[in-house]
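Please look over the structure shown below.

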Amino acid sequence: MAWTSNGVDSNGDLDDLGPATRYIRDNHYDLVYPSGSSSTPTPTPTPTPSDDVTVVNDTDFSYTGTWETASDPDFYNGDEHYTYTSGAYYEYTFNSTKVDVYGTNDAHHGIAEISIDGGTPVDVDFYNSSRQEQTLVWSSDTLSEGTHTIRASYTGRKNSSSTGYVITADKLEIYSSSGSSTTYTYEAEEGALTGSYTIYDKADASGGKTVALWDDSSSSITFTVDGGTGGSKNMDIRYLYTYDSTVRKFYVNSNFVKEVSFTQASDFTTVTETVNLNSDSNTIKLQANAGPASLDIDCITLTE
Ligand SMILES: [Ca+2]
Ligand SMILES: [Ca+2]
């Protein structure tokens with residue numbers, strides 16, 4: 001980190017900045033966000049209906065045979081299972097019409113067989129010349145309504161470029177049956193922003209932009225959201241954070257709910273909270289707090 005000296009502590013805390021430190025911070029800021037631009041936010045939410053996706057972490061799969069576990073912030077939820085042993089497979093049973101499989105590809109990874117409901121397995125290659133976490137390795141066709149079981153099995157086979165046979169398990173994304181729920185996404189860049197922030201372009205951000213919300217007690221982002229008929233919703237907050245962890249104060253309709261924790265994520269990831277909304281219009285605010293530097297917030301997604 002280029003600016004750990006001169007008043008910024010080892011966590012990159014931005015409190016009590018002197019002029020020299022501000023100079024360092026501002027230069028660092030330009031390096032991190034070269035395409036960044038502060039602009040007047042548009043306080044009009046534009047909710048976008050999308051598929052309702054449930055993410056299932058590898059810790060919830062059912063494992064047979066010998067599997068190892070690994071930790072890395074680049075994995076979904078920071079964890080992964082992998083195997084290089086004959087007879088190893090995982091299964092997961094779900095009630096939906098589509099599943100996407102994610103794992104890590106690498107130069108020493110091999111070919112798995114994936115099947116649905118005991119059907120004919122297909123080969124899925126976990127090889128890539130360099131390590132690539134959270135890769136979409138396989139998508140099912142559209143399945144019939146109802147319960148299905150996916151199985152991913154070690155095969156001991158590989159392509160000719162690979163140096164090994166490892167297969168990995170990081171997460172599944174399960175798509176709900178159409179019409180069972182409604183999801184709305186609200187972009188951070190379209191929220192009402194205060195204090196120190198930068199809206200910048202990022203290719204893999206929802207809507208192509210994300211917001212760096214600097215840790216300054218005046219910094220906040222407020223989303224105006226449609227509560228529908230009211231009641232409890234799931235709220236996914238999509239974010240990036242390069243330090244160990246931080247918190248933001250979370251308010252619904254100006255009432256403090258809790259501090260939400262954000263752990264290190266070098267790729268966009270989500271933290272999920274439950275929110276109780278009134279019918280029709282509500283505000284959801286995330287307020288900066290004491291702690292390390294900027295948290296990038298991309299969007300929030302509400303699910304009925
Ligand atoms: Ca995982
Ligand atoms: Ca966004």
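A residue is buried if 20 or more other C-beta atoms lie within 10 Å of its own. By that cut-off, four of the five residues of β16 are buried, so this strand is largely enclosed by the rest of the structure. Keep in mind that the model is predicted.

**Overall make-up**

The protein chain has one helix and 22 strands. It has 304 residues, and buried residues make up 33% of them. Take the contacts between residues at least 6 apart in sequence: 73% of these join residues at least 24 apart.

In soluble globular proteins, nonpolar side chains tend to be buried together. Here the largest nonpolar core holds 27 residues. Which of its residues touch the most other members? They are V211, L213, I221, Y239, I297 and I300. The elements that give two or more residues to this core are β16 (197-201), β17 (209-213), β18 (220-226), β19 (231-252), β20 (255-277), β21 (281-287) and β22 (295-303).

A second core is separate and has 23 residues. Among them are Y82, F126, V137 and I174.

Y239 is then in contact with F262, A265, T269, V271, L295, D296, I297 and D298. One of these contacts, I297, is also listed with Y239 among the core residues that touch the most other members.

**Two open sheets**

One open sheet has five strands, in the order β3-β6-β11-β8-β9. Its pairing is antiparallel. β3 (62-64) and β9 (122-125) are at the edges. Each has a single partner strand, so one side of each is left without a neighbour in the sheet. From one strand to the next, the twist averages 25°. Inside this sheet, β8 and β11 run antiparallel and are joined by six bridges. S115 has R151 of β11 as its bridge partner.

Another open sheet has three strands, in the order β4-β5-β12. The pairing is antiparallel here too. Which strands stand at the edges? They are β4 (68-71) and β12 (167-169). Each has a single partner strand, so one side of each lacks a neighbour in the sheet. The twist in this sheet averages 35° from one strand to the next. β4 pairs with β5 over four bridges. In that pairing T69 stands opposite H81 of β5.

**Enclosed strands and their partners**

β16 was described above as largely enclosed. It pairs with β17 in the antiparallel sense, over five bridges. D201 stands opposite K209 in β17.

β7 (residues 98-105) is another such strand. Six of its eight residues are buried, so β7 is largely enclosed by the rest of the structure. β7 pairs with β13 (residues 171-175) in the antiparallel sense, over five bridges. There, K98 has Y175 of β13 as its bridge partner. Five bridges also join β7 to β10, again antiparallel. In this pairing the partner of N105 is Q132 of β10.

| Strands | Bridges | Residue pair |
|---|---|---|
| β8 and β11 | six | S115 and R151 |
| β4 and β5 | four | T69 and H81 |
| β16 and β17 | five | D201 and K209 |
| β7 and β13 | five | K98 and Y175 |
| β7 and β10 | five | N105 and Q132 |

**Single residues to check**

Two residues lie in β10 (residues 132-139): S139 and Q134. Is S139 buried or exposed? S139 has 12 C-beta neighbours inside 10 Å, so it counts as exposed. S139 and L172 are 33 residues apart in sequence. In space they are 9.8 Å apart, C-alpha to C-alpha.

Q134 is not a glycine, although its phi is positive, at about 50°. With 18 other C-beta atoms within 10 Å, Q134 is partly exposed.

S254 also has a positive phi, near 70°, and is a residue other than glycine. Where is S254 placed? It sits in the loop between β19 and β20. S254 has 8 other C-beta atoms within 10 Å, so it is exposed.

Conventions. Residues numbered from 1 in each chain as written. Chains lettered and ligands numbered in written order. Predicted model: local features only at pLDDT ≥ 70, side-chain atom pairs only at ≥ 80, totals over all residues. Core = buried A, V, L, I, M, F, W, Y, C linked by C-beta atoms within 7 Å. Contact = placed C-beta atoms within 7 Å. Pairing = 2+ DSSP bridges. Axes fitted to C-alpha atoms, helices over the stretch in contact; angles between N-to-C directions. Lists of a residue's contacts leave out its neighbours within four places in sequence.
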